[in-house]
Amino acid sequence: MRPMMQKTFNLKLLVSIVFLLFVFYWLVSPSSFRHQQQALSVPSTPPSCTKLPPSLADAILHYATLNITPQQTIDEISVAARVLREKSPCNFLVFGLGHDSLMWSALNHGGRTVFLEEDEAWIEIWRRRRRLPMVAETYHVKYDTRVSEAEQLLQLGARADCTAVGDLRRSGCRLALKQLPPVFYEVEWDLIMVDAPTGFHAGAPGRMAAIYTAGMAARWRKEGKTDVFVHDVDRAVEDRFSKAFLCEGYMKHEEGRLRHFTVPSHRTNTDLPFCPP
């Protein structure tokens, strides 16, 4: 989720985008619509003083002073934002800590948003800049895969021990992330965003295990569905692994370099195939 290089960005345009997103978010909510109707039908009265939620205030201040372009485009961000408007407050897991993290926390105001970051030094930078309290649930995680192993891992993923639905901590599949923080296994995630770890060179960890683990966590939930988003699907790993383990039959939408999958629980329905036909 961290940009590979810093890019200058028109500050006025960025502030305008953040402001418009904020206004749109509140205008589309049912309560805001009711307030608009009341304003049209009754005499105006002095408004009461209502505090802005801290997560929204932090996000506005952050983006108003930022000169970095988030890696996802506004169209890509809007895909997950629409789902968050329907489901929040909810449990939202994000692979990666980046310049868009405060936005995700703000859009899930009142819910639980957890970030898993590979780069301990990057977490420390956030801590020194006093931004970490704004995204308090951030955990350092390690990966033992490499992009250069992707083809081999894709073949291993087709084996029975990798397609069997169960507790990931007891999985025999090499793709399963079994050493994540306990919170990952204790919570049923409503949304999962895979935008990390690094995957743009052969020696990088790649997102093979993150994509596989997200799909298996969705299948192992007790009931319902999990919305899973994968970014950078223009790259071979993200493209092939998302289709293999999140399944083309579960894909709801593709926007730019982002794919949205809705993966149902397989836990109580053992007759469900790994991927729909």
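User: Is Phe 245 buried or exposed?
Analyst: This is a predicted model, and the call rests on computed relative accessible area. Buried means under 20%. Phe 245 has a relative accessible area of 3%, so Phe 245 is buried.

User: What is the relative accessibility of Phe 241?
Analyst: Phe 241 also falls under the 20% cut-off. Phe 241 counts as buried because its relative accessibility is 1%.

User: How are the rings of Phe 241 and Phe 245 arranged, stacked, edge-to-face or tilted?
Analyst: Both residues lie in helix α11 (residues 236–247), four residues apart, which means about one helical turn between them. Planes under 30 degrees apart count as stacked and over 60 as edge-to-face.

User: Which residues do ring pairs link into a cluster with Phe 241 and Phe 245?
Analyst: Look at Phe 274 in the structure. Arg 219 lies over its face, at 3.8 Å from the ring centre. Ring pairs join Phe 241 and Phe 245 in a cluster with Tyr 212 and Phe 274.

User: How many aromatic pairs are there in the protein?
Analyst: Rings pair if their centres lie within 6.5 Å. By this rule the count is five.

User: What kind of pair do Phe 92 and Trp 104 form?
Analyst: Phe 92 is in strand β1 and Trp 104 is in helix α5, 12 residues apart. Both are buried. Their ring centres are 5.8 Å apart and the planes are at 85°, so the pair is edge-to-face.

Note on methods: Residues numbered from 1 in each chain as written. Predicted model: local features only at pLDDT ≥ 70, side-chain atom pairs only at ≥ 80, totals over all residues. Heavy atoms only, no water. Phe/Tyr/Trp six-rings, centres within 6.5 Å; stacked < 30°, edge-to-face > 60°. Helix = DSSP H or I, 4+ residues; strand = E, 2+ residues; numbered from the N terminus. Buried < 20%, exposed > 50% of the residue type's maximum accessible area, 1.4 Å probe, protein only. Lys NZ or Arg CZ within 6 Å of the ring centre and 35° of its normal.
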